[in-house]
Amino acid sequence: MHLKNCIPVLFVKNAVISRDFYVKILGLTEIMNNGDMNFLFKEGLSI
């Protein structure tokens, strides 16, 4: 079996604080915000 696309999903207590860390500290680009409950980043990470 070959994986074509693998996107990690992180489960956290506070998604907004986690998003701020990934955007402001690590420099990821947010491309989707589902009401501050779920975020997708251009780089492939999902919170």
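This is a predicted model: local features need pLDDT of at least 70, side-chain atom pairs count only at pLDDT 80 or more; totals for chains, interfaces and linings use all residues.
Start by selecting Asp36, which is partly exposed, with a relative accessible area of 38%. Asp36 sits in the loop between β1 (30-33) and β2. Check its backbone too: phi of Asp36 is near 60°, a positive value in a residue other than glycine. For context, most residues other than glycine have a negative phi.

Next, show the side chain of Arg19 alongside Asp36. The two meet in a salt bridge, 3.4 Å from N to O. Arg19 belongs to helix α1 and Asp36 to the loop between β1 and β2, so this pair ties together parts that are 17 residues apart in sequence. Through shared partners, salt bridges join Arg19, Asp20, Glu30 and Asp36 into one network.

Glu30 is partly exposed, at 31% relative accessible area.

Now bring in Asp20, whose side chain meets that of Arg19 in a salt bridge of 3.2 Å, N to O. Asp20 is partly exposed at 26%, whereas Arg19 counts as buried at 15% relative accessibility. The salt bridge count comes to 3.

For a last stop, select Ser46, in the segment after β2 (39-41). Is Ser46 buried or exposed? With a relative accessible area of 10%, Ser46 is buried. Display its surroundings: not counting residues up to four places away in sequence, Ser46 touches Ile7, Pro8, Val9, Leu10, Asn38, Phe39 and Leu40.

Note on methods:
Residues are numbered from 1 along each chain as its sequence is written. Side-chain values use heavy atoms; hydrogens and water are left out. Helices (H or I, at least four residues) and strands (E, at least two) are DSSP runs, numbered from the N terminus. Buried means under 20% relative accessible area, exposed over 50%, partly exposed in between (1.4 Å probe, protein chains only). Contact means heavy atoms within 4.5 Å. A salt bridge is a side-chain nitrogen of Lys or Arg within 4 Å of a carboxyl oxygen of Asp or Glu.
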